[in-house]
Amino acid sequence: MKTIAKALAGSLMASTLLAGAALAQTKEVQMLHWWTSGGEAAALNVLKGDLAKEGFAWKDVPVAGGGGDAAMTALKAMVAAGNYPTASQMLGYTVLDYAAAGVMGDLTETAKKEGWDKAVPAPLQKFSVYKGKWVAAPVNVHSVNWLWINKAVMDKIGGTEPKTFDDLIALLDKAKAAGVIPLALGGQSWQEATMFDSIVLSTGGAEFYKKAFNDLDEASLKSPTMKKAFDNLGRLKAYVDPNYSGRDWNLATAMVIKGDALVQVMGDWAKGEFVAAKKEPGKDFLCYRFPGTDGTVIYNSDMFGMFNVPADRRAAQAALATATLSKSFQSAFNVVKGSVPARTDVPDTAFDACGKKGIADLKSASEKGTLFGSLAQGYGAPPAVANAYKDVVTKFVHDQIKTSDQAVIELVKAINDAK
Amino acid sequence: MTISTMPDRVSASANSSRRSVSLRERLQDMLPKLVLAPSFAAVIVFVYGFILWTIYLSFTNSRTFPNYTLTDARAYQRLWRWTFESDPPSSWYTSITNLGIFGVLYIGICLALGLLLAILLDQKIRGEGMLRPIYLYPMALSFIVTGVAWKWFLDPGLGLEKTLHAWGWTSFHFDWIKNKDRVIYTVVIAGVWQASGFVMAMFLAGLRGIDGEIMKAAQMDGATTVQLYRRIVIPMLRPVFLSAFIVLAHMSIKSYDLVVALTSGGPGGSAWLPSNFMYEYTFKRNEMAVGSASAVIMLMTITAIIVPYLYSELKEKGR
Amino acid sequence: MSAASASSARNGLILNRIVIYGLLLFFALVYLIPLFVMLVTSFKTMDEIQSGNMLALPKDPTVEPWLKAWGETCVGLTCAGIKGYFWNSAKMVVPAVLISTILGALNGYVLTKWRFRGHKLVFGLMLFACFIPFQSVLLPMATVLGMLGRFGNDLREIFGTNFGFGNPTVNLVFVHVVYGLGFTTLFFRNYYEAFPTELIKAAQVDGASFFQIFRRILLPNSAPIFVVTVIYQFTNIWNDFLFASAYAGSGDVMPMTVALNNVVNTSTGVVEYNVNMAAAIIAALPTLLVYVVAGRYFVRGLMAGAVKG
């Protein structure tokens with residue numbers, strides 16, 4: 001008993017001592033994120049270094065898992081406790097939700113000074129500006145409608161860039177005949193839905209995509225075009241290997257890198273994997289737009305949401321935001337991540353061929369108004385709707401929904417239910 | 001005060017001393033309750049208070065954050081509708097049917113296997129000290145740790161199937177983890193692996209607590225080992241069964257990380273359990289009202305199972 | 001003839017033993033498979049993991065993954081291995097286990113030996129608390145912890161210290177104590193239920209006070225149930241991820257499970273399975289040790305009372 005009492009007293013003392021050290025530092029950036037590995041963590045370290053040069057310490061709050069799910073749960077708990085981080089990695093509608101709840105800060109001054117209004121494409125500003133106030137700093141722009149192809153396999157089967165959906169099917173048939181897994185897919189709902197985003201764009205065109213997946217127009221959702229898109233998804237599904245279910249996306253990318261599979265339909269973060277494996281575009285792998293989607297970009301973007309911290313912590317926050325959108329960091333980070341800079345005035349010199357194409361595509365899509373949010377990635381509609389959509393797609397892929405007719409009915413029902 | 005001739009002073013002092021005694025006695029009386037009070041208060045506030053909070057939220061239209069304006073029972077209406085949507089199965093339908101399958105198999109197999117192992121270990125086994133921790137260790141590991149190992153082992157392209165094919169048994173086929181109708185059984189397998197050793201320990205303790213004399217007497221009467229266990233030992237283990245059932249029931253209804261670590265939800269979300277549903281809707285889909293309503297339904301289910309047990313147990317003990 | 005039946009009985013007995021040992025060994029092997037997979041993987045090179053059989057022994061064993069997991073792997077932006085997070089976990093687990101266990105012991109003592117009207121209801125309510133799904137208390141508890149934190153800030157302004165209010169480690173201790181009380185009270189109550197009340201009565205007649213009786217009579221006889229409760233609480237709290245990631249996610253206070261999750265649960269790059277497995281085993285060492293070393297007492301303790309109802 002005595003020893004227990006001693007231990008208790010000891011731990012109590014220890015915790016009071018610690019409490020002194022837990023003071024919120026004014027020269028400190030508290031950053032919640034889920035980039036805990038490889039190139040992304042290395043790129044964040046660049047940011048950390050940039051801030052250190054200005055005298056700001058980096059307090060890391062990394063919570064990995066579920067593509068940010070665990071981090072978002074932690075964020076919700078922090079906000080409920082009134083314990084705001086300086087900034088948090090966030091996606092799309094989540095930023096707007098937190099802004100509507102009045103917990104986001106105001107970066108407008110910094111934005112004016114740095115000229116963000118002009119440099120950042122308007123569709124992105126829809127998520128980083130709330131009621132005229134800048135609340136988040138976009139880190140990058142990812143594009144979803146890409147094909148990633150192993151060049152050696154492509155040469156072996158004598159394939160060429162597919163320009164139409166039927167070309168793609170013909171190409172996959174060739175791979176199949178050559179005994180290669182034609183399509184590398186990870187059977188998780190977000191991967192299937194990400195692929196379906198591209199299929200819908202390819203099947204119905206830019207205008208249709210926007211109406212169905214950004215405006216949630218019911219007539220488009222239940223149109224024959226949507227049914228055809230599901231049919232096309234069904235056709236693609238015939239080219240995956242039997243073990244695809246549940247596979248992580250980077251393992252599917254690894255199949256293409258190693259030449260076990262011909263092609264993966266995935267966002268440009270897949271390029272980060274090729275780069276990490278020391279592969280070069282044009283020589284080892286090829287990047288094509290998903291057939292029939294050239295000229296249009298379905299995007300998502302990682303943002304650093306900035307919270308409404310006490311006045312004495314705002315200098316650190318402004319420094320973080322400035323550093324995040326600085327041209328040097330935008331270039332360095334996105335070269336590693338596979339994405340393209342969130343501002344269109346960053347020189348593309350450091351980027352490889354695929355990156356250069358991505359930057360050019362973003363610029364032209366932004367000018368032409370064909371830059372649309374990915375529904376699968378949470379940039380087309382709020383999370384409730386986006387997840388209802390993913391449910392339907394994954395149930396279709398895994399044969400719980402058996403026909404494309406039924407899929408269209410379920411899609412309309414699920415989206416209406418979640419709205 | 002039977003002695004009426006007692007001087008007033010003495011009487012007064014006796015009075016005061018009695019008063020002080022009674023004060024101390026009263027304090028002594030109060031003390032146990034004072035000791036219990038903080039714990040009880042904490043439970044009332046942080047468990048029952050939060051349950052009330054959850055119930056309240058389930059009748060609002062809370063989405064990303066709690067919204068305290070009462071609206072209607074739309075969350076329950078949706079859950080009710082989803083309960084009957086089996087083609088294609090709604091996530092809620094999948095969750096509750098999975099809980100039925102998982103709960104029955106997990107609890108049943110853990111009890112059976114735990115009892116079997118305990119009886120086997122109780123046969124004066126050499127090396128019991130070596131074997132016991134082997135059955136127990138899975139309980140010590142979190143599923144963040146073991147989920148990866150299980151995922152590999154069950155993956156037909158990496159684990160058991162591949163190994164047996166490499167060893168020449170090429171007709172062997174085991175792809176449950178990739179099969180939407182079978183994936184929940186892989187969750188059962190991993191769950192049983194984790195908890196059955198703990199149940200074994202509980203049964204073993206129960207067996208060791210049974211009076212050896214009773215066993216001897218039964219053996220003298222010519223009972224076979226099987227009869228001995230079926231007629232005498234197992235009925236005597238009834239309280240252990242009930243305790244084990246409670247522990248398992250609470251673990252099965254809280255199983256969340258098991259599903260995520262092993263299957264990431266399963267093909268088409270076919271491995272979901274209600275706790276996954278609740279987490280998804282509350283934190284990922286920003287439909288907090290629906291998440292809260294599902295939590296309330298989970299709690300009601302637990303109540304329906306646990307309260308009768310508690311009632312009968314406490315009534316018996318109260319003699 | 002009697003010799004023959006004796007020998008056949010002995011044969012039967014031997015067969016019986018063979019079956020028993022066979023079954024026990026079979027199950028032991030099955031139970032060990034995941035640990036075996038983790039262990040062999042942690043000693044393989046990445047090349048061998050990608051090309052070889054997961055159940056095969058490492059051809060070219062290496063301790064590199066273990067060294068990396070211990071001292072080099074990245075947890076977020078800090079790449080100093082997982083060794084530093086033991087202390088974060090220990091700092092939280094030890095007080096949480098001790099406090100919840102002692103409170104459980106006192107509660108059990110009151111609920112069995114100092115009964116009052118409604119004691120059954122109180123116990124029933126506390127026991128039912130074991131069943132609340134933690135996901136549903138995450139946010140309201142965060143709100144409460146936030147209030148405590150602001151109270152701590154006020155205290156700091158007055159006294160120069162917050163007395164632990166608002167400290168993430170203290171918060172986790174508090175949360176684990178609150179949600180561990182149901183189980184610890186259950187264990188101790190059922191244990192003390194069987195403890196002879198006559199001894200308590202006798203001590204009361206001798207004038208022993210409430211705490212004297214607890215300290216001199218019950219505590220010395222509580223070793224087994226203390227072991228059970230401590231083991232149960234230790235594994236549960238050590239392995240908790242949900243509360244730890246939500247209330248103590250920052251690098252300097254992060255418990256081991258959160259750090260491990262950040263190592264293992266990455267979604268980009270080549271997954272270093274060997275390092276992950278080594279890290280997982282290192283992170284689990286304290287609980288494994290507790291089970292193996294204290295396992296014998298565990299069974300003894302359960303026997304002594306925890307399972308009686």
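What you have open is a predicted model, in which local features need pLDDT of at least 70 and side-chain atom pairs count only at pLDDT 80 or more, while totals for chains, interfaces and linings use all residues. Residues are numbered from 1 along each chain as its sequence is written, and chains are lettered from A and ligands numbered from 1 in the order in which they are written.

Next, colour residues 1-62 of chain C as domain 1 and residues 82-306 as domain 2, bounds that come from an automatic or database domain assignment. The centres of the two domains, taken over C-alpha atoms, are separated by 36 Å. Their contact (C-beta atoms, placed from the backbone, within 7 Å) takes 6 residues from domain 1 of chain C and 7 residues from domain 2 of chain C. On the domain 1 side, helix 1 (2-42) and helix 2 (46-51) of chain C each supply at least two residues, and the largest share, 3 residues, comes from helix 1 of chain C.

Now show chain B beside chain C, where the contact takes 73 residues from chain B and 70 residues from chain C. Select helix 1 (residues 8-58) of chain B, which gives the most to the side of chain B that touches chain C, with 16 residues. That side of chain B divides into 51 nonpolar, 16 polar and 6 charged residues; Ala, Val, Leu, Ile, Met, Phe, Trp, Tyr, Cys and Pro count as nonpolar, Asp, Glu, Lys and Arg as charged, and the others, Gly among them, as polar.

Bring in chain A, of which 25 residues are in contact with 22 residues of chain B. Helix 18 (383-397) of chain A gives the most to the side of chain A that touches chain B, with 7 residues, and this side of chain A divides into 7 nonpolar, 11 polar and 7 charged residues.

Finally, stay with chain A and find its open sheet, in which 4 strands stand in the order 9-10-8-11 with mixed pairing; two strands pair if DSSP finds at least two bridges between them. The edge strands, each pairing on one side only, are strand 9 (181-183) and strand 11 (285-289) of chain A. Strand 8 (residues 146-150) of chain A runs antiparallel to strand 11 of chain A, and 5 bridges join them. In the loop between helix 14 (269-276) and strand 11 of chain A, select A:Ala277, which counts as partly exposed because it has 15 C-beta neighbours inside 10 Å.

How values were computed. Two residues are in contact if their C-beta atoms, placed from the backbone, lie within 7 Å. A residue is buried if 20 or more other C-beta atoms lie within 10 Å of its own, exposed if 12 or fewer, and partly exposed in between; C-beta atoms are placed from the backbone.
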